[in-house]
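This report walks through one protein model, from its overall layout to a few individual residues. Please keep the sequence and the structure in view while reading.

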Amino acid sequence: MIVSAVFTKKTTAKFYDTQNKMNELFFIAQLQGDSLIYDSMDENLIIEEEIINTGLKKIKIEYKDSAQIKFEKSFYVQIP
């Protein structure tokens, strides 16, 4: 399967801005732990954790921007 995307000057900036925002939210969640996940009153941000097996967990971040466009990204973290 081949997937391609065409980026213009406007869409390229928005794509990378969105990816950077999702990565930033992931790293903040790792640093601040439960305070970001459970104390967040922001209805535009949902962070879910799921244990895949004894050594791996999945962290899914859903984020809605000001235009209410929903973005979702999953991260897999090895559990020590």
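The sections below take up the overall layout, the sheet, the nonpolar core, the aromatic rings and one glycine.

## Basis of the report

The structure is a predicted model, in which local features need pLDDT of at least 70 and side-chain atom pairs count only at pLDDT 80 or more, while totals for chains, interfaces and linings use all residues. Residues are numbered from 1 along each chain as its sequence is written, and side-chain values use heavy atoms, with hydrogens and water left out.

## Overall layout

The protein contains two helices and three strands, and along the sequence these elements follow the pattern α-α-β-β-β. Helices (H or I, at least four residues) and strands (E, at least two) are taken as DSSP runs and numbered from the N terminus.

Of the 80 residues in the protein, 24% are buried, where buried means under 20% relative accessible area, exposed means over 50%, and partly exposed covers the values in between (1.4 Å probe, protein chains only). The accessible surface comes to about 6400 Å², and carbon and sulfur atoms hold 55% of that surface; these areas come from the Shrake-Rupley method with a 1.4 Å probe, and for residues only the protein chains shown count as cover. Among the contacts in the protein with a separation of 6 or more, 28% are between residues 24 or more positions apart, a contact being heavy atoms within 4.5 Å.

## The three-stranded sheet

The strands form an open sheet in the order β1-β2-β3, with antiparallel pairing; two strands are said to pair if DSSP finds at least two bridges between them. The edge strands are β1 (45-53) and β3, each of which pairs on one side only. Neighbouring strands of this sheet are turned by 20° against each other on average, direction ignored, with axes taken as lines fitted to C-alpha atoms, for helices over the stretch in contact, and angles running from 0 to 180 degrees between N-to-C directions.

Between β1 and β2 the antiparallel pairing runs over eight bridges, with E48 standing opposite K60 in β2, and a hairpin joins these two strands through two residues. Strand β2 (residues 56-64) pairs with β3 in the antiparallel sense over nine bridges; K58 has Y76 in β3 as its bridge partner, and K64 stands opposite K70 in β3. The hairpin of β2 and β3 has five residues between the strands, and in that hairpin Q68 takes a positive phi near 60°.

## The nonpolar core

The largest nonpolar core has twelve residues in all: M22, L25, F26, A29, L45, I47, I59, I61, Y63, F71, F75 and V77. Such a core is a set of buried Ala, Val, Leu, Ile, Met, Phe, Trp, Tyr and Cys residues joined through side-chain atoms within 4.5 Å. The elements that give two or more residues to this core are α1, β1, β2 and β3, and α1 gives the most, with four residues.

## Aromatic rings

Rings of Phe, Tyr and Trp (its six-membered ring) pair if their centres lie within 6.5 Å, with planes under 30 degrees apart counted as stacked, over 60 as edge-to-face and the rest as tilted. By this rule there are two aromatic pairs. One of them joins F26 and F27 in an edge-to-face arrangement, at 5.3 Å centre to centre and 65° between the planes. F26 counts as buried because its relative accessibility is 9%, whereas F27, at 51%, counts as exposed.

The rings of F26 and F75 have centres 4.0 Å apart and planes at 15°, so this pair is stacked. The pair links distant parts of the chain, since F26 belongs to helix α1 (residues 9-32) and F75 to strand β3 (residues 70-78), 49 residues apart. F75 is buried too, with a relative accessible area of 12%, and the ring pairs link F26, F27 and F75 into a cluster.

## Gly55

Where does G55 lie? G55 lies in the loop between β1 and β2, and with a relative accessible area of 26% it is partly exposed. Leaving aside neighbours within four places in sequence, G55 is in contact with V77, Q78 and I79. The C-alpha atoms of G55 and I79 are separated by 4.8 Å, although these residues are 24 residues apart along the chain.
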